[in-house]
Amino acid sequence: MTKKRDKGAPPKNRPAAPLTPGYQFNDRIPPWPGEFIDLRRALFIGAIWCCLAVFLAVAVQANSLLWLKRLVLFASGAADPAFLFRGVTSLDIGLMIGFLGAIAASTFVHPALGIATMLLVRPWLDGYTYPSDNLYFMWAIWFIFAVWSLRQILRNRPLHFPLPALLLMAFLLVAYLTALDSAEWSRSHKALLLWFSYTVLFLVTVNVARTPLGWRIVAGAIVLSLVLESLYAWPHYRFVLPYMRFGLKNNPQMLMEFFNTAEFTPELARRLNLNRAFGTLLFPNAYGAFLILGIPLTGVAAWRSLQRLRAMHQALRARAKLGVLPGRFHDSAALLFGGLVWLAISALVFAEGMLYVSTRIAPLPAGFSNLWAALLILGAGSIPGIVCAVWASRRGFTPPLAWLRCLVLGAALGLQGICLWFTFSRGAMLALTLAAALTIAMLYFAGFIRDRILPRLDRLPGMRLILAGLLLVAALAAWPLAGQLEGSAGTLSAQQSDNAPAALGPGAIPRKPSAEVTVEGENLGLEHLRSPASFRVRLTYWRVGLSMFLDNMLSGVGLGNFGLLYPKYQYAGSYPVQESHNGYLQMFSETGLFGGALFGALWFAIVLYGARRTVTSPAIEDRPYSAALFAGLLAFLLHSGMDINFSHPTLIMFAMTAVALLYARGAENEEAVTPPPAARWLAIALLVCIGLSVGSSARLYLFDIGLNRGRFMNMAEWMKKELAPRFEVGRFFLEDVWRYKWDPQRPKPQIRVGDVRMLLRDTNTIWRMGTLYVPAGVNLKGYRPLEVNERVPDEAVLVIDAKTVTFARNAMVPPMTAWVENLSRIDARYPYSPELAAHLSEWHTLWAERLAGNAFDEDRRVYADRGVEWARRAVERSPSNKDLYVLLGGAIWLRSWLQPEPADWIAGFREAVQAYQTAAGLAPIIAHYKDLLGKVTIGLGEAMIAQEQDEEGRQLVERGNALREEARLFQLELNKRGL
């Protein structure tokens, strides 16, 4: 009896089917990678993280993680329970713990998985707008490096330290030394922590990605991150932006919450009306830089997928000619594969549908219900899932996966190109075009470059090559500034007048811009792309940055301090800004000549290495990916000469990862050797630095957590969101309420109960302060008195009358005092913030000015002294901040006015005038500070006249009037030009 042949086996006496070179079928489930830890351990770690995720989900749903928030707040110094903000949930701390837990679990399986997990989450937490969120990613990077390096050291495995790592370390050393004398240490401290994390990220990635599997994991994470961001950015551009403008127009409280203003300013309206895609990066130009960094890699991945698909069909035809049937997938595995496809497509449709439905301004069509939505979501992925399952069952795993990979990458490339267009970032599109053209030309002339150009470059001394690179970077940083140094601060020259908005052409800011926001917004077109307006505005930034560098050539102003020192070097006709929009020039300005030179040498070495890898790669399969990484990095670096890429944590983290992949691509086939002792000691030194950085960053983290009152994600500007509103409540009770007591004819003071509760939680005390009113109802207008037994909502209004004015004012003094004491304890945890010191000075100055009466007369001079003391601390922490000198001058003036002896008045007033004069010198073209200087000079002159020092007093009055008139005329001149 003839033995039955297996369906998938080749016929007897026939040779095995020849496969296309370089292609191999995977008809079985791939085995567990040998580079990962043991499968059982990996499953155990995964099970632990799943249990943690379930626990966190239940705890978040039950809101039972508040004890942990209170514990962290207590560690920050905020011992008062009132610091835990009202309406708090456990969602943010649950997400934070889950994210860090996922990083830890994936890192133990393989460090490349930890890096990939971090890259997938990084774009969704904007580190530029919410800088405190960067600390989570810093800790994740340091943890990954610690786990990897300890394994390498203990197992005597190699450590790879390429040239960019050494240049980054040298740059960090120079940046730290220059930051010791920086304009503001707190800014430099945060920037140093960030750049140290970038250095560690490069080191761990370039070592982890030396193997093909590690390289594919990290590169795949970059491509997947771009895909996910584009899937969000497109519907965000189409649906979320109009919905956001609609909400801002109809909800003033939303406008105050997100933009800290009660009405639209012309500049805010202009920015909101522009229809530009930006996704989660919040800036269209930043999103454009993110896209151009990864589009070449996505394009090459799509092209290689198409090649593999073609090779697969050739192999299938070859097997069919020989009569070899394709392998079969096990039915359960095929069903699992189809189910995963179905789940992925349904999840995508659900996410996009929720984004569309939740941002609908008009109601949904009649008859559309949740049932129809569920059927649409479930049915969207059912057909592709069934097709993939049947296909895998009959033809094996390879064909459906190859088609899916090709279709997904092709669609992703097209979507990324569309999103790049709708960013309307001319610099990004131009940079990508130039980088792609140069890369293609290099590939076309690879033989000529390899045989003729590179040998000659190799014969050049290394120092000459480095000097040539520095000259190239210097030209990239300063080429727009040639011939633009004439003109001086405080005057408008003819050439500077040409840079005024009236002369900027199409797309320029009008002289009288509109403050109206429309739901549909303003669509941009080719005329906006052709407009030179933004370039001319950037030109003013660069001229100021060059002046800053020339004035601080050796030491710089300190890493992260460009925006702080900008007003000091600003000239009439330049626009206010916080970043130079030229990353190379900004590094020269902040870290001086040596720091800027090292920074330029770093990127020049990277570009040179990438170009060499592109034309000399020994493997034809390796060259496209090296070229893609080189093109993306070159486009990113070109765009950095026009924007803030080096200041954006998300962008620079992805750029450093791409650099590491480029270097790892060239080193993956090198033989592993035992590391020299220097490399091992360098890794140990980095581990020590990581330990110190963790402690330093923990102080900063607790400081931010305390001032954000327990918010663990998207920690906003605590000065605007938390501190300023409470200060206004205190000002209301100490000023408005007290004025009403002495002038009962004034309107009765009223305030929202929710605002009062920011300082005072006791509802019974609030009842005794006056009469409470609530909205009359949905269909009724006005307010009605609140009944005694009713709940007091935050929307209620407290109206204070003549009988309760004294009680209301005095009842608020203890909670205000407790609030300030908590702020003082938080400041002790991180005594480097000038903003918090200035805020504490404002509180004590307010008390010294307004706490009058029998109970407080003795304390007024004490409060005034404390106000001056905190103002001096603020100035010591940021000696170049003009606003802090204004604060100091006001505090000294008030303290002098409270002195009993007139002679003490004059001495104090002179000191206050000196502080205002310093402020005016730090902002020579801002008329407001010159006007303030004129006012206090007049006040000093009048005080001297009152003390019979007539001659000097009259001179001071005349000088003050002249300063005020000069400030008025100068402001009028700027207003004519829209500045």
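A contact here means heavy atoms within 4.5 Å. Among contacts between residues at least 6 apart in sequence, 79% join residues at least 24 apart. This is a predicted model: local features need pLDDT of at least 70, side-chain atom pairs count only at pLDDT 80 or more, and totals for chains, interfaces and linings use all residues. Residues are numbered from 1 along each chain as its sequence is written, and side-chain values use heavy atoms, with hydrogens and water left out.

**Whole chain**

- The chain has 37 helices and four strands. Both are DSSP runs numbered from the N terminus: helices are H or I with at least four residues, strands are E with at least two.
- Of the 979 residues in the chain, 50% are buried. Buried means under 20% relative accessible area, exposed means over 50%, and partly exposed lies in between (1.4 Å probe, protein chains only).
- The accessible surface of the chain is about 46400 Å². Carbon and sulfur atoms hold 62% of that surface. Areas come from the Shrake-Rupley method with a 1.4 Å probe; for residues, only the protein chains shown count as cover.

**The four-stranded sheet**

- Four strands form an open sheet in the order S1-S4-S2-S3, with antiparallel pairing. Two strands pair if DSSP finds at least two bridges between them.
- S1 (750–752) and S3 are the edge strands. Each has a single partner strand, so one side of each lacks a neighbour in the sheet.
- On average, neighbouring strands of this sheet are turned by 30° against each other, direction ignored. Axes are lines fitted to C-alpha atoms, for helices over the stretch in contact, and angles run from 0 to 180 degrees between N-to-C directions.
- Strand S2 (residues 771–775) runs antiparallel to S3, joined by three bridges. Within S3, tyrosine 783 stands opposite proline 775, and proline 785 is the bridge partner of tyrosine 773.
- S2 is also joined by three bridges to strand S4 (residues 797–799), again antiparallel. Here threonine 771 stands opposite valine 799 of S4.

**Proline 785**

- Proline 785 lies in strand S3 (residues 783–785).
- Its relative accessible area is 47%, so proline 785 counts as partly exposed.
- Leaving out residues up to four places away in sequence, proline 785 touches Leu772 and Tyr773.
- Valine 797 is twelve residues from proline 785 along the chain, and their C-alpha atoms are separated by 9.4 Å.

**Nonpolar surface patch**

- Leu550, Met553, Leu554, Leu593 and Phe594 form a nonpolar patch on the surface. Together they have about 470 Å² of accessible area.
- Patch residues have over 30% relative accessible area and no salt bridge; like charges are joined within 9 Å, and nonpolar side chains (Val, Leu, Ile, Met, Phe, Trp, Tyr) within 5 Å. A salt bridge is a side-chain nitrogen of Lys or Arg within 4 Å of a carboxyl oxygen of Asp or Glu.
- Leucine 593 sits in helix H23 (residues 583–616). With 34% relative accessibility, leucine 593 is partly exposed.

- Leucine 282 has a positive phi, near 70°, and is a residue other than glycine. Leucine 282 is in the loop between helix H10 (266–273) and helix H11 (284–321). Its relative accessible area of 37% makes leucine 282 partly exposed.
- Phenylalanine 424 is not a glycine either, yet its phi is positive at about 50°. The loop that holds phenylalanine 424 lies between helix H15 (398–423) and helix H16 (426–444). Phenylalanine 424 is buried, with a relative accessible area of 7%.
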